[in-house]
Amino acid sequence: MGGAAVDEGPTGIKAPDGGWGWAVLFGCFVITGFSYAFPKAVSVFFKELMREFGIGYSDTAWISSILLAMLYGTGPLCSVCVNRFGCRPVMLVGGLFASLGMVAASFCRSIIQIYLTTGVITGLGLALNFQPSLIMLNRYFNKRRPMANGLAAAGSPVFLCALSPLGQVLQDHYGWRGGFLILGGLLLNCCVCAALMRPLVAPQVGVGPGPQQQSRRLLDLSVFRDRGFLIYAVAASIMVLGLFVPPVFVVSYAKDLGVPDTKAAFLLTILGFIDIFARPTAGFITGLKKVRPYSVYLFSFAMFFNGFTDLTGSTASDYGGLVVFCIFFGISYGMVGALQFEVLMAIVGTHKFSSAIGLVLLLEAVAVLIGPPSGGKLLDATHVYKYVFILAGSEVLTSSLVLLLGNFFCIGKKSEASRPEVVASEEERLHKPPVDVRVDSREVEHFLKAEPEKNGEVVHTPETSV
């Protein structure tokens, strides 16, 4: 599957690590905030939708599930669009789709229409913004990329803390239809962020025509031949099975312990507040010169920390224990959020990242649809929240071990073999002439004279050509 790409990326262009890159970082911060926080923020309107259409909790929960499924599952489609049309046009169309979906939802008369508008159309629009914004961030930052990824990832908890109260205020004053209409207008800011994604342009050197750009596949499936990518994809898919389960059930866990509703809901505020500071801090630490070569191991530790927190959180028996759990979960969750795409960029490189992230998100989409429902099934069968947290923690711990062992035995050895100094010394050894061999100048002169010349150019034979 091939074709020419309009926005090939910064081939041969050094990432500026600043300048206009800070505007790109701001746009990515906003896009990440909308993409991850919006599926959770619309849950504020669920009770009104239940009353309006006479449906239950499971019916309204499908709105957020469809949003997340579109965000993750359309990854390959986003990769194809970016490689074909470039990041900025795709994001502009995505911003229009995201806004149009919410505006259309304000006129819906059935829950099925809500699924199609808020779930499918808005979800597709957010997906067309999220993935290209990460690709542009990768192109503008190299040395400061871990810190940039951490700052961009902080948009998720910041927007979650802002959009949920805003949604409640809009519902109180304008109802769910007016709230959806205003949120649709708010999503037009995605188009503003798209306008910030200015492509990097190579400087013109000389007056002659430059070399033609090599065509790129619209979806580069060759990443599946990369052992590092395969290990990362498997580990990330297992991780997503349990990563989102505790935030979904922690409030219900608190209520089951007899905690009032307001105090139980405050647990998510604590988690989000800690997450705001954990993500940029993790990005800054990963960007340190001595730490960055070990970013894969740091990501594996973050997953291990998160899984271990789930296991210890299962032993909480009162509100204080759940508060401590949310603090440590916020730290580990923020570390995972800040490092996941930074590690993928480090494994596959700049040119394959647009395809790699799309394929990874597609694999994670399946896990996202399986994870929380499987926790719900276990809860329905046992009525014990402890088992749900143990299941989630075990899945995340397993993913950390997969990445750790895979990196140690496969990725690490591959990186060792391809280090520049090793390659350079090998090339020097291969091309260095033997010390004992002496070359006779008369033989060289005879050889050069014997070479046929044609139109001023030496005609090479297969034996003499490199």
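Reader: Does Asp 17 count as buried or exposed?
Author: This is a predicted model, in which local features need pLDDT of at least 70, side-chain atom pairs count only at pLDDT 80 or more, and totals for chains, interfaces and linings use all residues. Residues are numbered from 1 along each chain as its sequence is written, and side-chain values use heavy atoms, with hydrogens and water left out. Buried means under 20% relative accessible area, exposed over 50% and partly exposed in between, with a 1.4 Å probe and protein chains only. Since the relative accessibility of Asp 17 is 13%, this residue counts as buried.

Reader: What is the phi of Asp 17, a residue that is not a glycine?
Author: Asp 17 lies in the loop between strand 1 and helix 1 (21-41); helices (H or I, at least four residues) and strands (E, at least two) are DSSP runs, numbered from the N terminus. Most residues other than glycine have a negative phi. Asp 17, however, has a positive phi of about 55 degrees.

Reader: Is His 383 exposed or buried?
Author: His 383 belongs to the loop between helix 15 and helix 16 (385-417). Its phi is also positive, near 60 degrees, in a residue other than glycine. With a relative accessible area of 63%, His 383 is exposed.

Reader: Which element of the protein has the highest mean pLDDT?
Author: The pLDDT is the predictor's confidence in each residue, from 0 to 100. Its mean over the protein is 80, and 82% of the residues reach 70 or more. Among the elements, strand 1 (residues 2-3) has the lowest mean, 30. The highest, 94, belongs to helix 5.

Reader: How many contacts beyond four places in sequence does the model have for residues 447-466?
Author: Contact means heavy atoms within 4.5 Å. Over residues 447-466 the pLDDT stays under 50. Where pLDDT is low, the predicted coordinates should not be read in detail. For residues 447-466, the number of contacts beyond four places in sequence is seven.

Reader: How are helix 5 and helix 6 oriented, roughly parallel or roughly antiparallel to each other?
Author: Helix 5 and helix 6 (residues 111-140) have axes 7 Å apart and pack at an angle of about 155 degrees, where axes are lines fitted to C-alpha atoms, for helices over the stretch in contact, and angles run from 0 to 180 degrees between N-to-C directions. Angles under 35 degrees count as roughly parallel, over 145 as roughly antiparallel, 65 to 115 as roughly perpendicular and the rest as oblique. Helix 5 and helix 6 are therefore roughly antiparallel.

Reader: In what crossing, left-handed or right-handed, does helix 10 pass helix 15?
Author: Helix 10 (residues 227-243) and helix 15 (residues 353-382) pack at an angle of about 25 degrees, with axes 8 Å apart, and are therefore roughly parallel. A crossing is left-handed if the near helix is turned anticlockwise from the far one by less than a right angle, and right-handed if clockwise. The crossing of helix 10 past helix 15 is right-handed.

Reader: How many nonpolar residues has the contact of helix 10 with helix 15?
Author: The residues in contact include Phe 229, Tyr 232 and Val 240 of helix 10 and Leu 359, Leu 363 and Glu 364 of helix 15. Ala, Val, Leu, Ile, Met, Phe, Trp, Tyr, Cys and Pro count as nonpolar, Asp, Glu, Lys and Arg as charged, and the others, Gly among them, as polar. This contact has two polar residues and one charged residue, while its nonpolar residues number 13.

Reader: How many residues of helix 4 are buried?
Author: The buried residues of helix 4 (residues 75-85) include Pro 76, Cys 78, Val 80 and Asn 83. Just after this helix, Gly 86 takes a positive phi of about 100 degrees. Helix 4 is mostly covered, and of its 11 residues the number buried is eight.

Reader: What distance separates the C-alpha atoms of Leu 170 and Val 44?
Author: Leu 170 lies in helix 8 and is buried, with a relative accessible area of 7%. Leu 170 and Val 44 are 126 residues apart along the chain. Their C-alpha atoms are separated by 10.0 Å.
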